[in-house]
Amino acid sequence: MHIFSIIFPLIFIVALGYSCCRLKFFNEQHIAGLSKFTFYVSLPAFLILNMSQINLQQSISPSAFLSFYIPVLCIFGLGILIDRFYLNKPSRNNEVINYQQHSVFGLAGSYSNMVLVGIPIVIASLGKEMIAVAFMIITFHSTLLFALTFLIGAKGNAKDFSWYNFAKSMVLNPIVLSIGCGLVINVSGITLFDDLAKGIDLLAKPAIPCALFVLGANLVFYTIASNWLPALISSILKILILPAGVFIVATYICQLDEQIRNVLVLLSASPVGVNAYLIASQLKQHQATLAGTVVLSTILCMFSFTLWLAILL
């Protein structure tokens, strides 16, 4: 019942977003407007406010960083191997290796929707004070995995990859930018005057429910591809094998504090983020697979989160 009370409110909001969009109460234009408010106003306000107030000494942990990213990189590599030698094995007549295709599938099994799903789960199950660790992980998440995807896809060829354009897109990302601003406020010791802090807090309050509602609504626009097997494989990698790897490394190798370990496992058990689909579309590789994985992993994460919460709590 305790786990049900954690999971149900989040599922309810996601299901409400999906139902409202499926029943045409909201159309794609409405959801686009709500998404823009959520990702460019409300979530940045939430991240700035919380990042400016966290205890940095407690949140910065090299062991926690390694406990999360060693399994992530291993799953990324495993995804590349699965796509290379099982799903899209070149025929004898065509020995050309499609590095872009393989790297995108690696991304599908390792990229977590931590902002929309991971943070709400961490707050609901472990408390708001534990999101400091989550911010440390989120800061490097997109930068590391997207850079790997592009670099492997380009086979390290600088002509096919622009560090300037990539760095610019990452720095101007609203999530990265807002965490960075919050970090500057925290480190510099700046204190926001009360009225401004209250205004930012009001903008931050709808961030989590709006993010979950938008997540549910957007599921209407993605479909599980007819080639469902790659979507299922990447979903299993993402919501079962990756968190299992994080659990093993954090518990038995790095021997982290139990609460920090739980944060890392829940973040890694989050479904595949929509941004991974955008990367697939940009590279024109595995678009159908990524669209299907976003939907399937989001549906299945309801069961996987129940499993992981039962193990951790």
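1. For the charge count, Lys and Arg are taken as positive and Asp and Glu as negative, with His and the chain ends left out. On that basis the protein chain of this predicted model carries 15 positive and 10 negative side chains, and the centres of the two sets are 12 Å apart.

2. The protein chain contains 15 helices and 0 strands. Its radius of gyration of 19 Å is close to the 20 Å that the globule rule gives for 313 residues, so the chain is as compact as a globular protein of that length. Along the principal axes, the C-alpha atoms fill a box of roughly 70 × 45 × 45 Å.

3. Among contacts with a separation of 6 or more, 85% join residues 24 or more positions apart.

4. Helix α13 (residues 258–268) is mostly covered, with 9 of its 11 residues buried, including Arg261, Asn262 and Leu264. The buried residues of α13 pack against α4, α6, α7, α12 and α15. At the start of this helix, a side-chain oxygen of Asp257 comes to within 3.0 Å of the backbone nitrogen of Gln259.

5. Beyond its neighbours within four places in sequence, Val176 is in contact with Thr139 and Met170; the C-alpha atoms of Val176 and Ser142, 34 residues apart in sequence, are 8.9 Å apart in space.

Technical notes
Residues are numbered from 1 along each chain as its sequence is written. This is a predicted model: local features need pLDDT of at least 70, side-chain atom pairs count only at pLDDT 80 or more; totals for chains, interfaces and linings use all residues. Side-chain values use heavy atoms; hydrogens and water are left out. Contact means heavy atoms within 4.5 Å. Buried means under 20% relative accessible area, exposed over 50%, partly exposed in between (1.4 Å probe, protein chains only). Helices (H or I, at least four residues) and strands (E, at least two) are DSSP runs, numbered from the N terminus. A polar contact is a pair of N or O atoms within 3.5 Å; within protein, one must be able to donate a hydrogen and the other to accept it, and residues adjacent in sequence count only if both atoms are side-chain atoms. The radius of gyration is taken over C-alpha atoms; the globule rule is 2.2 Å times the number of residues to the power 0.38. The place of a charge is taken as NZ of Lys, CZ of Arg, CG of Asp or CD of Glu.
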